[in-house]
Amino acid sequence: MNFDLNYTRNIGIMAHIDAGKTTTTERILFYTGMTHRMGEVHDGTATMDWMVQEQERGITITSAATTTFWDYHNQKYKINIIDTPGHVDFTVEVERSLRVLDGAIAVFCAVGGVQPQSETVWRQANKYNVPRIAFVNKMDRVGADFFGVVKQIKDKLGSNPVPMQIPIGSEDNFTGLVDLIERRAIVWVPDEKLGIRYEYTEIPEDMIDLVEEWREKLIEAVCYTDDDLLERFLEDRTSITVEEFMEHTRNAVVTQHIVPVLCGASFKNKGIQRLLDTICALLPSPLDIDTIKGHNPFTDKTEERKADENEPMVALAFKIATDPFVGRLTYLRVYSGAIDSGMQVLNPRTGKKERINRLYQMHANKQNPRERIEAGDICGVVGLKDVVTGDTLCDVKHPLYLESMTFPEPVIGVAIEPKTQADVDKLGVALNKLAEEDPTFKVKVDEDSGQTIISGMGELHLEILMDRLKREFNVECNQGAPQVAYKEALTTVVKHRETFKKQTGGRGKFADIVFELAPAEKGVTGLVFIDEVKGGNIPREYVPSVEKGFREAMRNGVLAGFPMDSLQVTLKDGSFHPVDSDSFSFEIAAKQGFKHALKKGKVCLLEPIMKIEVVTPEENMGDVIADFNRRRGQITGMESQATLRVVLANVPLGEMFGYVTVLRTLSSGRATSTMEFSHYDIVPPALSAEVIERITGTKVLV
């Protein structure tokens, strides 16, 4: 079915954990007729939380996609929705979803407001220039403060929030809202259909001044984004129609000058229909987004593609999933052209052609077969073998390479082994499938111990993966204690000459390099390689081998075998033998030189530092702070939140294992915490020696 792209919306629902994302999505599905019974997160019946682990824990783990339709102003709109997780351990799901979306709904809890993970997802949306609407949820809860949340969005997120509606009452008295543009009150009618019916009424007398104040703020905010509109507004504001004003508001949202703020209570089914209207009215269609730019691997030029089914096909693979019925399922966002079932596509990264066996429109974990998917749509395909998250798929005759995605490095690892010898092969297959699905999940075999080490973004992340190994792949594993993903870094400048000679009868091996190692500039990760060799002392063809040798050597530092976080290598000089020198000799010289040079310099250990937020009753605040001090934590801020206190701190990950249980004990179960990765920092020397001894079994002086 050909659907006008002007009436298509690709949106994501993003927020802090427990803000009500999945409940909001379930209400949207109910009101748009996709489901005939509302699923509940706490009952384990939410459509979008289809994984067993999600239903048991009442959290979202994997982003789920679905398509639904909504009638707005006598026009049917198609809405592709991705419900994303809130827990920081699954931040990759948010990252890859936002990469392919045109707009987003940022859900905020009316009580909790802007929380650390809200800031993280907001930054991710900024990174991909995603226009968004803010929805202040849970207005019916004790302590709900709509205007307080609006202020936090402005102050903490540096955004320009503009309420388009304000609540009538709050907590138990949240009975409706006022539409600021139409100057009308909307009051929900209690009925057996749970908030489906609402009536337009007069604005309550005691709210008229407040409504006028916020209406003026809304009009001014929109007018300031357009000089012509502002001029007309100052001359004669009555000449601007509601339809015209809404069009300008839409432009201001698409260009991200303003963030419209709505309110509601998803669990009580309040405010959802108005949210759907606003999605259709203000969020961009695929045609509103700039043409997609990509790199042609053959001509080396930048090319553009429009969201048009007649253009050459370009799509981005943003997620890989293993489905028990259809096998390896690849989620695609089609940017231009169209994909037909059975067609051949090119993967520019590998240079290989792949065939699309089957096409599906997704509804959570259910697939609806389709023969064709056009530009601007999101779909699932079966048949792609050598495709990973972030790969581009394009027309065979018109190759184009879209910018890929970057994912954070894992910060925590654990050693695992199958309980029975018979499961060894099954474990390898299962881990490969899970690693294909999740770019933040890494698997490696420790060269010294032969153990299989799995690494991820946090304890919950690894716990879920272990649970999936058992349930989906029937592999039972023993696991060791969690290990922190330390790194190593050079803190001084070292100059070194490394000569590699080997003579074994006949042709030998020879390479000679003079180089300088130095700490990389702040904020730079990985290897920075500078070639300063002059006069052909080292032939050009050998220089890439030197760089490759240093890059590979950085995987294992000299203190305890941890990877080097960053390093600047300057190749100064060297020499070669016309017969005995080759690329491999220079690669080995770089690897050996790396180890010898670092032993002359000063190397330190780096540990992941986590950003923690604890919300606690005031009487327990002293205990929480004292506990942070014992864990080498640094208090970075304190705030008040209704009757509670918020403590912000940076604490080393190595000190945070099992913290949730300790916090529960300290506060009699009344405090809550959230934790996300912040940065790497130097481990104090005394602790460094202890860490290295624990891992290598060797005493060292650091």
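**Notes on a predicted model**

1. **L527 in its strand.** L527 sits in strand β32, which spans residues 526-531. The model is predicted. The relative accessibility of L527 is 12%, so L527 counts as buried; the cut-off for buried is under 20%.

2. **What surrounds L527.** Look past the neighbours within four places in sequence. L527 then has contacts with E547, F550, R551, M554, L567 and V569.

3. Helix α10 covers residues 424-437, and helix α11 covers residues 459-473. They pack at an angle of about 120°, and their axes are 11 Å apart. Because of that angle, α10 is oblique to α11. The crossing of α10 past α11 is right-handed.

4. **Who makes that contact?** Which residues of α10 and α11 make the contact? From α10 come K426, L427, A430, L431, K433, L434 and E437. From α11 come L465, R468, L469 and F473. Sorted by class, the contact has seven nonpolar residues, four charged ones and no polar ones.

5. **The largest nonpolar core.** This core holds 102 residues. Which of them touch the most other members? The answer is I105 and F108.

6. **A second core.** There is also a separate core of 44 residues. Among its members are I454, V624, I625 and V683.

7. **An enclosed helix.** Helix α9 runs over residues 272-282. Is α9 largely enclosed or open? Eleven of its eleven residues are buried, so the rest of the structure largely encloses α9.

8. **Positive phi at E171.** E171 is not a glycine, yet its phi is positive, near 55°. E171 belongs to the loop between β7 (165-168) and β8 (176-179). With a relative accessibility of 30%, E171 counts as partly exposed.

9. **Positive phi at R183.** R183 is another residue to check. Its phi is positive, about 55°, although R183 is not a glycine. R183 lies in the loop between β8 and β9 (184-188). At 42% relative accessibility, R183 counts as partly exposed.

Methods: Residues numbered from 1 in each chain as written. Predicted model: local features only at pLDDT ≥ 70, side-chain atom pairs only at ≥ 80, totals over all residues. Heavy atoms only, no water. Axes fitted to C-alpha atoms, helices over the stretch in contact; angles between N-to-C directions. Helix = DSSP H or I, 4+ residues; strand = E, 2+ residues; numbered from the N terminus. Parallel < 35°, antiparallel > 145°, perpendicular 65-115°, else oblique. Left-handed = near helix turned anticlockwise from the far one by under 90°. Contact = heavy atoms within 4.5 Å. Nonpolar A, V, L, I, M, F, W, Y, C, P; charged D, E, K, R; others polar. Buried < 20%, exposed > 50% of the residue type's maximum accessible area, 1.4 Å probe, protein only. Core = buried A, V, L, I, M, F, W, Y, C linked by side-chain atoms within 4.5 Å.
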